Amino acid sequence: MTVPLRPFGRTGVKVSALALGTMMFGSRGNSDHDDSVRIIRHALDAGINLIDTADVYSQGESETIVGKALLGRRDDVFLATKFHGQIGTDPNQFGNSRRWVVRAVEHSLRRLQTDHIDLYQVHRPEDDTDFDETLGALSDLVHQGKIRYIGTSTFEPSAIVEGQWTADRRGRERVVAEQPPYSILARGVEREVLPIARKYGLAVIPWSPLAGGWLTGRFRAGGAQPSSSRAGRQPGRYEIDAPENATKLAAVEALAELAEQSGLSLIHLALGFVLEHPAVTAPIIGPRTLEQLEGQLGAARVRLSADILDEIDKIVPPGVTLSARDQGYHPPALTDPTRRRRSAT
Ligand SMILES: NC(=O)c1ccc[n+]([C@@H]2O[C@H](COP(=O)([O-])OP(=O)(O)OC[C@H]3O[C@@H](n4cnc5c(N)ncnc54)[C@H](OP(=O)(O)O)[C@@H]3O)[C@@H](O)[C@H]2O)c1
């Protein structure tokens, strides 16, 4: 199996049309390092050359596993990681400050056993940190050769545009990629994020293309509650009987039927859908086991006809995210008093 290549935005780099996400490797999912290394190497053998991790995934354990898997194969891979999430308990081992960025990158390089990161991503924007502070530190890392390119994740449309303008006006290195949530059940980014990415020539590597597991075929109306490695971390999100999930479950039922009529697995329909958007470079798949990886690899060559895409639009209309919890970012909550009143301290 060979996964086709696609241009990574306007960088000139070619990456596989599926990226391998490694969030499930480590204590959060699969804590068997040897098995996780085997899965990563199997993905590389199948033609995947883009690997995504983050310092915060199992508090560094995912990066450590990726480092082991890439020994001897580092140059074959476009390696992406992220910073921002809380590491340990020190309040300054968090966020997007220059002070933390320059330390966080050293920790990631050590765990990944490499001297450079291909794509270093800001995991989330930070309200109280001037983006120029972050972009300045990241630009220095590019000039030092520690990172090749800068990316963002789950940035709102205005923040993506601000990032481009900040680079332009202040002479910083440019953000070249955005990593947003995107699946048939979470289409909110079709409104602004994806058109903006096309306008600025950004690569787009969407996360949770199976909506965190909802689009695997395991979640069916009337069926038994399926097991999920994430249910404990996100109570309610994976309960098939919860009223808040009823719309999602109805959509999954209709999509499963459409997949069957189309001769596809629901997983291939879901990944094929993300791959069809012209702004998308490569969905990031997130297998926990080798079997799960194998169930996804074939999707790289799936093409969905206009008729199938029209049917999907009838089930979940363009631009609609069925559950706010799948949106990834939260538009400013105007009901939150801290956003409209000076705090007492
Ligand atoms: N930037 C961000 O904020 C962000 C956020 C989330 C993810 N990500 C990145 O995106 C990657 C993918 O995200 P995701 O893990 O949420 O993706 P996803 O594909 O939407 O969900 C993956 C889950 O689906 C289930 N699954 C996958 N393949 C399956 C198969 N063949 N059969 C049955 N179930 C299957 C597994 O659930 P079980 O484990 O329950 O079996 C797996 O954990 C991550 O690894 C990470 O790199 C980034």
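In helix α1, the residues Ser-36, Ile-39, Ile-40 and Ala-43 are buried. These four cover an arc of only 95 degrees around the helix axis, which puts them on the same side of α1. The structure described here is a predicted model. The face turned away from the buried side carries the exposed residues Asp-34 and Asp-45, whereas the cover over the buried residues of α1 includes strand β3 (19-21) together with helices α2 (61-69) and α9. Just after α1, Gly-47 adopts a positive phi of about 110 degrees.

In total, 31 residues surround the ligand, and the closest among them are Gly-21, Met-23, Ser-229, Gly-286 and Gly-295. Strand β10 (284-285) and helix α9 (290-297) each supply at least two residues of this shell, and α9 gives the most, with 3 residues. By residue type, the shell divides into 17 polar, 10 nonpolar and 4 charged residues.

Helix α4 runs over residues 131-143, and its 13 residues reach 18 Å from the first C-alpha to the last, close to the 18 Å expected at 1.5 Å a residue. Its buried residues include Phe-131, Thr-134, Leu-135 and Leu-138; seen down the axis of α4, the buried residues fall within an arc of 95 degrees, so they line one face of the helix. Among the elements that cover the buried residues of α4 are the helices α3 (98-112) and α5 (157-170) and the strands β6 (117-122) and β7 (147-153). Just after α4, Gly-145 takes a positive phi of about 80 degrees.

The largest nonpolar core contains 90 residues, of which Leu-18, Ala-19, Leu-185, Leu-215 and Ala-270 touch the most other members. Helix α8 (residues 266-276) gives the most to this core, with 8 residues. When neighbours within four places in sequence are left aside, Ala-270 is in contact with Ser-183, Ile-184, Pro-209, Leu-210 and Leu-215; Leu-215, like Ala-270, is listed among the core residues that touch the most other members.

Methods. Residues are numbered from 1 along each chain as its sequence is written. This is a predicted model: local features need pLDDT of at least 70, side-chain atom pairs count only at pLDDT 80 or more; totals for chains, interfaces and linings use all residues. A residue is near a molecule or strand if its C-beta atom, placed from the backbone, lies within 6 Å of it. Ala, Val, Leu, Ile, Met, Phe, Trp, Tyr, Cys and Pro count as nonpolar, Asp, Glu, Lys and Arg as charged, and the others, Gly among them, as polar. A residue is buried if 20 or more other C-beta atoms lie within 10 Å of its own, exposed if 12 or fewer, and partly exposed in between; C-beta atoms are placed from the backbone. The arc is that of the directions from the helix axis to the C-beta atoms. Two residues are in contact if their C-beta atoms, placed from the backbone, lie within 7 Å. A nonpolar core is a set of buried Ala, Val, Leu, Ile, Met, Phe, Trp, Tyr and Cys residues joined through C-beta atoms within 7 Å. The expected span of a helix is 1.5 Å times one less than its number of residues.
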